[in-house]
Amino acid sequence: MSRPITATIHAGAMHHNLATVRTRAPSSRVMAMVKADGYGHGLETAVSALRDADAFGVAAIEDAQRIRALGLSQPILVLSGFDSVEDLDQLRRLRADSIVHHPAQLDMLEQADGAPIRCWLKIDTGMHRLGFAPDRVREAHARLGAARGVEGDIVLMSHFASSDEFEGGSDHGRQTRRQLQVFADATAGLPGPRSLANSAAILGWPGSHGDWVRPGGALFGMSVVHGRPASDFGLQPAMTFATRLLAVNQIGKGEPIGYSATWETPEDMRLGVAAVGYGDGYPRLAPAGTPVLVNGTPAQVVGRVSMDLMTIDLRGHPDARAGDPVVLWGAGLPIESVADAAGTIAYELTCSITRRVRFVES
Ligand SMILES: *Cc1c(COP(=O)(O)O)cnc(C)c1O
């Protein structure tokens with residue numbers, strides 16, 4: 001038999017989520033972040049559903065190529081930028097924009113021959129990943145402005161580390177407030193559009209919106225704030241991950257279930273075996289108690305998740321039988337509840353789905 005496991009991608013939900021983001025940030029243009037194959041939803045599917053976005057953000061030049069192949073003409077920002085003349089040539093050919101985060105890139109743009117490209121100047125306001133230190137921003141900006149490899153407005157951008165802590169009590173949001181201040185000081189008086197806000201900042205820090213917002217998770221209907229499902233913000237899940245029961249067995253009391261016998265039947269009970277495992281991208285660390293839906297009703301994972309299979313407590317599901325549908329997350333079961341149980345975030349779950357899962361569009 002072929003495996004009954006599917007990831008159904010809801011284009012309508014993405015479309016709705018983009019409209020929701022626009023309502024939240026009415027004066028900003030929206031760059032849809034679709035890195036990591038559209039957060040695991042499939043780049044082409046995501047971009048097609050989000051074709052009304054004002055721009056797209058990707059991690060790699062190859063992704064920009066895939067978007068152009070769909071015939072879309074919006075700006076595409078390549079987050080990793082370039083580190084060779086060949087990269088620069090490709091960016092030009094694809095009419096893609098680049099992040100500039102490092103002095104070596106300034107050298108290359110000053111020496112470039114060939115058509116100029118548009119640049120987004122990345123400022124490290126306190127996350128300490130990529131970007132120019134605040135006291136180097138003016139010099140970098142001046143060099144970019146004069147470089148022959150650069151055209152158009154230079155966008156001033158930064159990225160938040162903790163914008164999921166919304167503005168509130170004294171300690172809350174301190175890092176974001178500080179990053180906003182560092183950004184304002186570093187860019188004061190410089191011309192050009194501003195871009196700071198990821199999904200959480202779009203929802204919780206309206207003062208950060210600027211000229212371009214850059215939502216990722218929100219477009220896929222995933223929670224961006226700990227303890228609050230995406231539905232709290234009117235967002236709809238863009239993926240339903242589902243499979244079927246392969247078997248339903250009656251097991252006696254006190255029997256060990258699965259690898260390493262991590263769970264034991266507390267009574268005589270019915271146990272479901274579902275066709276899904278970590279080989280499909282379901283988190284192996286999901287403990288007993290992680291929620292699923294069997295025939296649309298809540299049930300729980302028990303025992304250790306294995307490569308192809310996992311076991312489900314079917315007490316309270318007297319009618320469940322082999323072939324019945326099991327929803328792992330998505331419509332009717334917030335992905336956040338699964339991520340919380342497994343000690344991770346929703347983003348990692350959708351990004352971890354493996355190639356053997358069949359993707360379906362709805
Ligand atoms: C991924 C990413 C985003 C989007 O973040 P979300 O939390 O998914 O909204 C925005 N900006 C940059 C630079 C990113 O890498």
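**Figure 1. The surface of the predicted model.** The protein exposes about 15800 Å², and carbon and sulfur atoms supply 50% of that area (Shrake-Rupley method, 1.4 Å probe). This is a predicted model, in which local features need pLDDT of at least 70 and side-chain atom pairs count only at pLDDT 80 or more, while totals for chains, interfaces and linings use all residues. Residues are numbered from 1 along each chain as its sequence is written, and side-chain values use heavy atoms, with hydrogens and water left out.

**Figure 2. The overall fold.** Eleven helices and 18 strands make up the count for the protein (DSSP runs: helices are H or I with at least four residues, strands are E with at least two). Its C-alpha atoms fill a box of roughly 75 × 50 × 35 Å along the principal axes. Of the 362 residues, 52% count as buried, meaning under 20% relative accessible area.

**Figure 3. A look at Lys35.** The unreviewed UniProt entry annotates Lys35 as "modified residue: N6-(pyridoxal phosphate)lysine"; such annotations may be inferred rather than shown by experiment. You will find Lys35 in helix α2, residues 35-39. Is Lys35 buried or partly exposed? Lys35 counts as partly exposed because its relative accessibility is 29%, and that class runs between 20% and 50%. Leaving aside residues up to four places away in sequence, Lys35 touches Gly57, Val58, Ala59 and Leu79 (heavy atoms within 4.5 Å).

Figure 4. Residues 238-362 carry the annotation "domain: Alanine racemase C-terminal" in the unreviewed UniProt entry. Over this stretch the chain is 11% helix and 37% strand, with its end C-alpha atoms 10 Å apart.

Methods:
Buried < 20%, exposed > 50% of the residue type's maximum accessible area, 1.4 Å probe, protein only.
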